[in-house]
Amino acid sequence: MSIQDRIQQVERRIEAACLRSGRSRDEIGIVAVTKYVSLERTKEAFENGLRQLGENRWQDAEPKWRALGGDEAREEAVGRPIWHFIGSLQSRKAKDVIGKFEYIHSLDRLSLAEAIHKQAVRLGLHVSCFVQVNVSGEDSKHGIGPGELHTFLESLRAYPSIKPIGLMTMAPHEAEAEATRPVFRRLRELRDEARAAKAASEDFIHLSMGMSGDFEVAIEEGATWIRLGSILVGKEEDEQ
Ligand SMILES: *Cc1c(COP(=O)(O)O)cnc(C)c1O
């Protein structure tokens, strides 16, 4: 299936989910996750209007980042992708991605906050970050525990280059998408509680949740960014 057909199909499903939940389509951004596909396919996705691209490892992202604008385009957001770092980030790798990725979806510890902040200060910029929460409590998942959120947000104030803009989670892999609903709902509640307690700034509004298998449920529960890989840009084998 062509990228254009994929985009159209996904769009129809997003619009239906918006309709079911009384939301407006412009409340939801799509991060096109290109981690499974080649540079050519990534270019094709971008040229077909997917401007927000997500990667989870700098080694894999680097050739794509360079080919699609790299340093020359750093100053202008027009004509190049906006990059989202969605994978877990080692503190010593923060210097590779800060200044190149506009959004970090995986802030899950203070040592990483410190590393991001240091590099951001060096470059004189602010970095929009999602705090990753392990709502489901699975050992295999990254993220802070829901009970740690308020303290974590308070501690982030020591790193003023970091702009906490919301929360991110990954739902457990379920055969039935519906089973993920409580996880997404809990993330929304956590955001609302943090806002009510003034634990974060006015910019703390986003929910990065929902992937290929569960994005419709995530939208119904309030996602403002969905992260779509296989369903949208496909996987390597789809390129043959
Ligand atoms: C790979 C990945 C995605 C996209 O996965 P799909 O199921 O292919 O849509 C989304 N978020 C994160 C954090 C990922 O690592």
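A residue counts as near a molecule if one of its heavy atoms lies within 4 Å of that molecule. This is a predicted model, in which local features need pLDDT of at least 70, side-chain atom pairs count only at pLDDT 80 or more, and totals for chains, interfaces and linings use all residues. Residues are numbered from 1 along each chain as its sequence is written, and side-chain values use heavy atoms, with hydrogens and water left out.

**The ligand site**

The ligand sits in the largest pocket. Around the ligand stand Val 33, Lys 35, Tyr 36, Ile 86, Met 168, Met 170, Met 211, Ser 212, Arg 227, Leu 228, Gly 229 and Ser 230. By class, this shell has seven nonpolar, three polar and two charged residues. Here Ala, Val, Leu, Ile, Met, Phe, Trp, Tyr, Cys and Pro count as nonpolar, Asp, Glu, Lys and Arg as charged, and the others, Gly among them, as polar.

**Polar contacts**

A polar contact is a pair of N or O atoms within 3.5 Å.

| Side chain (polar atom) | Ligand atom | Distance |
|---|---|---|
| Ser 212 | oxygen | 2.5 Å |
| Arg 227 | nitrogen | 2.8 Å |
| Ser 230 | oxygen | 2.8 Å |

The protein covers 91% of the 380 Å² of accessible area that the ligand has on its own. Accessible areas come from the Shrake-Rupley method with a 1.4 Å probe.

**Ser 212**

Ser 212 is in the loop between strand 7 (206-208) and helix 8 (215-220). Helices (H or I, at least four residues) and strands (E, at least two) are DSSP runs, numbered from the N terminus. Ser 212 counts as buried because its relative accessibility is 17%; buried means under 20%. Val 10 lies 202 residues from Ser 212 along the chain, and their C-alpha atoms are separated by 9.4 Å.

Note on methods. A polar contact is a pair of N or O atoms within 3.5 Å; within protein, one must be able to donate a hydrogen and the other to accept it, and residues adjacent in sequence count only if both atoms are side-chain atoms. On a 1 Å grid over the protein atoms alone, a cavity is a set of points where a 1.4 Å probe fits but cannot get out, and a pocket is an open set with protein on both sides within 12 Å along at least five of seven lines; lining residues have an atom within 4 Å of a point. A molecule sits in a cavity or pocket if more than half of its atoms lie within 2 Å of its grid points. Buried means under 20% relative accessible area, exposed over 50%, partly exposed in between (1.4 Å probe, protein chains only).
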